[in-house]
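Trainee: I am new to this structure. Please take me through one part of it closely, then on to some of its helix contacts.

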Amino acid sequence: LSFHEPKLVNGVCVVEPPDEVFELGVKEWSNALVGYFVGKRIPFKIVKEHLEKKWRKWGGVSVITGDNGTFLFKFDNSAARDLVLSNGPWEVWGAYLALKRWEEGMSLSKDSFSSILVWVKLSNVPYELWTKSGLGYVASALGVPLCMDAATTAGNRLSFARVCIEMKASSSFPTLYKVRRRNGTLVDVMVQYAWKPKLIHQTTHSSAIIQILWMDGRLSFHEPKVVNGVCVVEPPDEVFELGVKEWSNTLVGYFVGKRIPVKIVKEHLEKKWRKWGGVSVITGDNGTFLCKFDNSAARDLILSYGPWEVWGAYLALKRWEEGMSLSKDSFSSILVWVKLSVPAKIGGLSPESEGADVMLLSPDTASLDPNIMIRNLVGSGKRRKKKRDSSCSLIHSMISYASWNIRGLNHPLKQEEVSRFILLNKVAICGLLEYRTIAGNVHKIAHRMCKNWDSATNRAFSPLGRIWVMWDPIILKFEVSLMTDQVIHGKAVLGNGIIVHLSFVYGLCDYRSRRDLWKDLIFNAHLASSVPWLILGDFNVSRHPQDQLNGPPRISKAMTEFNECLKSMEVDDIRSVGRFYTWSNKRVGNFVVNKKLDRVLENCEWNNLFSHSLAHFHNPGVSDHSPVTVSLSNHRSSSNKPFKFLNFWVKDAHFPGLLSSVWEQRVVGNPL
């Protein structure tokens with residue numbers, strides 16, 4: 001350091017650096033964030049390890065300790081800083097990290113956080129307010145809205161709006177408030193918080209404004225009203241008119257009798273309709289879709305050229321109107337194409353009119369005569385039934401799901417072994433764990449093992465490559481719904497239209513890091529409670545003391561947390577055969593350790609639908625982990641069931657008389 005002479009003012013030593021020194025310091029810290037953990041004091045080493053690992057994909061970051069439990073996060077560039085702010089909230093060991101941008105002159109104390117940044121989900125927002133201006137009014141009931149996420153900005157998802165809001169720390173964090181429509185009716189808007197503090201101390205310090213450079217999704221603040229103690233949002237008429245204009249060329253629809261994945265609907269319909277103009281397919285609530293067209297002519301052509309089908313499911317359509325409910329109950333009438341076989345003497349029709357296509361508008365689908373059949377482009381009902389049966393047979397008796405911790409997939413020998421394993425066990429979808437290949441080789445290795453298969457990895461969360469899911473698109477459709485550094489969740493649509501949830505898991509070695517996995521699985525269990533769900537992979541922890549051979553037989557804290565997680569998820573191990581211990585340290589003698597770390601779990605819905613599915617743990621082969629396959633097979637009941645005699649029958653007092661009366665009866669043919 002260099003020496004600079006201080007000043008003495010009224011007997012007090014005063015240091016007055018020049019402006020250029022301050023400017024140099026402001027430039028040094030301009031890309032920094034300040035934060036603290038609410039309700040917990042996390043060790044510096046843990047904070048540094050977790051957050052630098054999560055954030056390094058966006059750029060370099062240094063974690064620095066401040067005063068009274070605060071931290072400074074210094075980034076290499078402003079883009080990385082803004083990405084961390086916009087992709088929150090962030091947690092370490094279950095504690096929420098409150099963040100804001102560093103500013104010159106700010107105090108590095110928790111009291112300076114008089115307002116906090118919160119991501120919220122707003123459900124049941126009127127669709128005529130689904131514009132940037134309208135959502136600005138709706139979100140202002142909670143605080144100062146800053147921005148929307150990418151899906152909300154693009155309008156690709158209408159089931160909820162995800163908005164980042166600067167809320168006062170002393171806020172009551174309401175879960176419900178009201179929005180007044182133009183016709184005067186009040187609509188309840190539900191609020192779900194990604195994080196909500198249990199207790200925040202109210203302070204009188206001024207709040208630092210949090211800026212996010214996400215200009216396309218920026219919202220403006222509008223002061224809400226309080227009527228009889230209830231927060232009411234009343235946007236002006238011009239905001240509603242803007243929303244009505246935005247959605248005027250939109251159709252609303254749903255698939256009758258089936259739930260088709262969004263990806264499939266979007267792919268099929270946009271391909272069919274693009275010849276008439278641009279169209280965007282957007283998800284609504286409860287299986288409904290919005291089809292937004294560039295112009296009214298394209299919209300009207302779609303209505304007049306129906307019916308439309310995807311995967312054999314009929315699409316019921318109608319025009320969007322202001323104030324309408326996007327639920328299936330709002331379809332009081334639907335458009336149906338039918339075939340009528342009418343005798344020539346009835347209705348004055350000629351014999352040539354038999355079997356003609358007629359378009360009917362039925363006010364009640366339940367009143368349709370069963371002899372009137374909805375037109376199916378595949379063929380006759382008899383042929384469709386045959387195809388459906390063969391599809392079920394294919395799904396239930398010929399395919400299996402698989403998971404394998406392969407411990408590196410760069411060696412050609414391992415690639416050949418995986419390819420042979422998939423072929424011999426008729427695997428339709430496989431999760432490969434700890435594959436450890438560089439990003440440039442993933443496509444080449446996938447093509448070598450399973451040509452023309454689709455795949456997805458969680459490399460964005462784990463540069464080393466932890467989970468790699470591959471599937472045959474001819475047999476099933478798989479859509480990734482969520483991924484983290486320890487799990488990939490997705491929906492699989494089988495050939496017979498059945499939708500199942502699949503989760504491929506690789507638990508981290510540290511039991512504290514696995515707590516994030518347990519929370520994620522419990523959250524996903526609520527989403528998959530009504531559909532078949534299968535979870536398979538390497539959990540890196542045992543359930544019971546007997547799951548370990550030649551090791552200390554004890555119930556650890558990690559095992560207790562794992563079992564509590566499974567209890568909350570309401571899942572259990574599927575029936576299995578083959579090897580019991582799925583991992584070995586590959587040693588001999590007294591040093592060998594075997595554990596059951598890999599498992600397959602099922603929920604109640606899976607067990608009801610696939611009650612005869614079976615997990616088979618194979619020999620480990622080229623890895624130290626055993627691969628597992630889950631086969632879906634039909635239960636073939638024998639036509640000649642054996643007669644069973646139960647010994648306790650003879651102990652009943654009525655048995656001798658009943659037996660005598662039956663044997664005295666005259667029987668023609670086989671008495672059994």
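In which strand is Phe255 found?

Mentor: Keep in mind that this model is predicted. Phe255 lies in strand S15, which covers residues 250–255. Its relative accessibility is 2%, and buried means under 20%, so Phe255 counts as buried.

Now look at what surrounds Phe255. Setting aside neighbours within four places in sequence, Phe255 touches Ile260, Val265, Phe289, Val310, Ala313, Tyr314 and Leu315. Take Phe289 from that list. Phe255 and Phe289 are 34 residues apart along the chain, and 8.9 Å separates their C-alpha atoms.

Next, the helices. H10 spans residues 412–424 and H11 spans residues 442–449. Their axes come within 9 Å and cross at roughly 45 degrees. That angle makes H10 oblique to H11. The crossing of H10 past H11 is right-handed. H10 contributes Gln415, Val418 and Ser419 to the contact, while H11 contributes Ile445, Arg448 and Met449. By class, three of these residues are nonpolar, two polar and one charged.

Then turn to H12, residues 511–527, and H13, residues 557–569. They pack at an angle of about 10 degrees, and their axes are 9 Å apart. Angles under 35 degrees count as roughly parallel, so H12 is roughly parallel to H13. On the H12 side, the contact includes Tyr511, Trp518 and Leu521. On the H13 side, it includes Lys557, Phe562 and Met569. The contact of H12 with H13 has nine nonpolar, one polar and four charged residues.

Definitions and conventions:
Residues are numbered from 1 along each chain as its sequence is written. This is a predicted model: local features need pLDDT of at least 70, side-chain atom pairs count only at pLDDT 80 or more; totals for chains, interfaces and linings use all residues. Side-chain values use heavy atoms; hydrogens and water are left out. Axes are lines fitted to C-alpha atoms, for helices over the stretch in contact, and angles run from 0 to 180 degrees between N-to-C directions. Helices (H or I, at least four residues) and strands (E, at least two) are DSSP runs, numbered from the N terminus. Angles under 35 degrees count as roughly parallel, over 145 as roughly antiparallel, 65 to 115 as roughly perpendicular and the rest as oblique. Contact means heavy atoms within 4.5 Å. Ala, Val, Leu, Ile, Met, Phe, Trp, Tyr, Cys and Pro count as nonpolar, Asp, Glu, Lys and Arg as charged, and the others, Gly among them, as polar. A crossing is left-handed if the near helix is turned anticlockwise from the far one by less than a right angle, and right-handed if clockwise. Buried means under 20% relative accessible area, exposed over 50%, partly exposed in between (1.4 Å probe, protein chains only).
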